[in-house]
Amino acid sequence: MNIEIKKSIKPVKYDFAIKLLEERLLDIDNNKKSDLIWVLEHDEIYTAGTSYKEEEILNKDINITKTNRGGKITYHGPGQLICYFAIDLKRRQKNIRKFITLIEKTIIESLSEFNIKSFGDPKNIGIWVDEKNNIKKIAAIGIRVSKWVAYHGFAINIKNELSKYKNIIPCGISDKGITNLKEINDQNYDKLGDIIVNNFTKNLEI
């Protein structure tokens with residue numbers, strides 16, 4: 001199946017990225033363009049999904065960008081790998097839960113190549129690690145499906161500033177922490193984007 005792979009070196013503005021994804025899903029629905037996987041980074045931004053609550057904003061001085069993805073409030077910023085996509089589920093099984101499981105599998109497999117053990121949680125969407133008996137989130141997932149095209153994406157914390165999460169209740173979960181890959185194991189993660197793309201495309205073809 002034909003999938004366009006896009007990689008941005010410089011940070012991409014959030015609004016621009018979402019506009020591009022929304023245009024892409026219409027082109028995919030009209031059979032004008034292929035599916036898309038896009039690896040990038042954002043400058044600092046807090047985004048709120050469709051199910052967020054005002055009390056999850058702990059610092060009222062921060063700017064919140066509301067978005068139409070599922071989920072609650074999260075932070076994006078330098079040192080975080082963003083993987084956006086526009087994937088036509090009509091060409092596959094029209095099964096949103098199965099697609100989310102495929103994303104989780106992709107992240108878990110990719111992190112295992114760096115000897116990092118991670119796992120999904122049926123109750124809390126995202127990917128987690130056990131850091132000295134503390135369960136912490138390493139990757140956030142937020143998608144929306146329109147015309148049976150799944151878009152938005154997921155974010156993996158590599159070396160982002162974890163203190164930024166103190167301004168919010170990340171993803172509405174107050175009893176678990178947030179970590180990044182450098183905190184777990186300070187190694188070179190430059191190849192992570194390529195590994196994510198390889199595993200994602202492989203899993204989509206199964």
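1. Two strands count as paired when DSSP finds at least two bridges between them. The remarks below apply that criterion to a predicted model.

2. Strand E3 (residues 45–48) and strand E5 pair in the antiparallel sense, and 4 bridges join them. Within this pairing, isoleucine 45 has histidine 76 of E5 as its bridge partner. Tyrosine 46, in turn, stands opposite tyrosine 75 in E5.

3. The sheet that holds these strands is open and consists of 3 strands in the order E4-E3-E5, with mixed pairing. Its edge strands are E4 (64–66) and E5, each of which pairs on one side only. From one strand to the next, the twist averages 35°.

4. The side chains of strand E5 (residues 73–76) deserve a separate remark. Ile73 and Tyr75 point one way from the strand, whereas Thr74 and His76 point the other way. Residues on both sides of E5 are buried: Ile73, Tyr75, Thr74 and His76.

5. Threonine 201 has a relative accessible area of 17%; because the cut-off for a buried residue is under 20%, threonine 201 is classed as buried. Leaving aside residues up to four places away in sequence, threonine 201 touches Ile3, Ile5 and Ile37.

Methods: Residues are numbered from 1 along each chain as its sequence is written. This is a predicted model: local features need pLDDT of at least 70, side-chain atom pairs count only at pLDDT 80 or more; totals for chains, interfaces and linings use all residues. Side-chain values use heavy atoms; hydrogens and water are left out. Buried means under 20% relative accessible area, exposed over 50%, partly exposed in between (1.4 Å probe, protein chains only). Contact means heavy atoms within 4.5 Å. Helices (H or I, at least four residues) and strands (E, at least two) are DSSP runs, numbered from the N terminus. Axes are lines fitted to C-alpha atoms, for helices over the stretch in contact, and angles run from 0 to 180 degrees between N-to-C directions.
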